[in-house]
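User: I'd like to learn how to read the features of this model, one at a time. Could you give me the general idea each time and then the case here?

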Amino acid sequence: MVLRRLLAALLHSPQLVERLSESKPIRRAAQLTAFALMQAQLRGQDAARRLRALAAGPAGSLGRRAARFRDTFAEELRRGLRERPGSPPGNQRGPGDNS
């Protein structure tokens, strides 16, 4: 508790903050932080640019891809259900079904 108050009092001192900001470790930490933020921003912009290019590609190409994915998924699901051992999906009894 005493350490926290001492640290708070030191950090509210403008002269100490100024001297710390001029120290090499603090300057280096600030440089690394700025570098990481800039890299993240550039990567985000690049990803957004690629998505826009994909969506604006040949007319309907994204729609065709989505339709092809849907059709393939549905076909694989049907095939999996057909190849599944046991009774077809609708003829199964649930818990508490006494019929």
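Analyst: A salt bridge is a side-chain nitrogen of Lys or Arg within 4 Å of a carboxyl oxygen of Asp or Glu. The general idea is that side chains of opposite charge can pair when their charged atoms come close. Here, the side chains of E75 and R82 meet in such a bridge, at 3.7 Å from N to O. Before we go on, note that this is a predicted model, where local features need pLDDT of at least 70, side-chain atom pairs count only at pLDDT 80 or more, and totals for chains, interfaces and linings use all residues. Residues are numbered from 1 along each chain as its sequence is written, and side-chain values use heavy atoms, with hydrogens and water left out.

User: Which residue forms a salt bridge with R78?

Analyst: That's E75, with the closest N and O atoms 3.5 Å apart. E75 and R78 are separated by about one helical turn because they sit three residues apart in helix α4 (residues 61-83). Helices are DSSP runs (H or I, at least four residues), as strands are (E, at least two), numbered from the N terminus.

User: Are these side chains buried or exposed, say R82?

Analyst: First the scale: buried means under 20% relative accessible area, exposed over 50%, and partly exposed in between (1.4 Å probe, protein chains only). R82 counts as exposed because its relative accessibility is 58%. E75 is partly exposed at 31%, and R78 is partly exposed too, at 46%.

User: How many salt bridges does the structure hold, and which residues do shared partners join into one network?

Analyst: There are six salt bridges in the structure. Bridges with shared partners link D46, R49 and R50 into one network. Within it, D46 bridges to R49, with 3.5 Å between the closest N and O atoms. Both D46 and R49 lie in helix α3 (residues 24-55), three residues apart, or about one turn of the helix. D46 has 32% relative accessibility, so it counts as partly exposed; R49, at 48%, is partly exposed as well.

User: What about aromatic rings? How do I read a pair?

Analyst: A pair of aromatic rings is described by the distance of the centres and the angle of the planes. Rings of Phe, Tyr and Trp (its six-membered ring) pair if their centres lie within 6.5 Å; planes under 30 degrees apart count as stacked, over 60 as edge-to-face and the rest as tilted. A search of the whole structure turns up one aromatic pair. F69 and F73 make that pair, and it's stacked: 6.2 Å from centre to centre, with 20° between the planes. About one helical turn separates F69 and F73, because they're four residues apart in helix α4. F69 counts as exposed at 59% relative accessibility, and F73 is exposed at 52%.

User: Which residues make the nonpolar surface patch?

Analyst: L7, L11, L20 and I26 do, and the patch covers about 350 Å². Patches are made of residues with over 30% relative accessible area and no salt bridge: like charges are joined within 9 Å, nonpolar side chains (Val, Leu, Ile, Met, Phe, Trp, Tyr) within 5 Å. Accessible areas come from the Shrake-Rupley method with a 1.4 Å probe, and for residues only the protein chains shown count as cover. L20 sits in helix α2 (residues 14-21) and is partly exposed, with a relative accessible area of 38%.

User: And the chain as a whole: how many helices and strands does it have?

Analyst: Four helices and zero strands, in the pattern α-α-α-α along the sequence. Buried residues make up 1% of its 99 residues. As for pLDDT, the predictor's confidence in each residue from 0 to 100, the chain averages 83, and 82% of the residues score at least 70.
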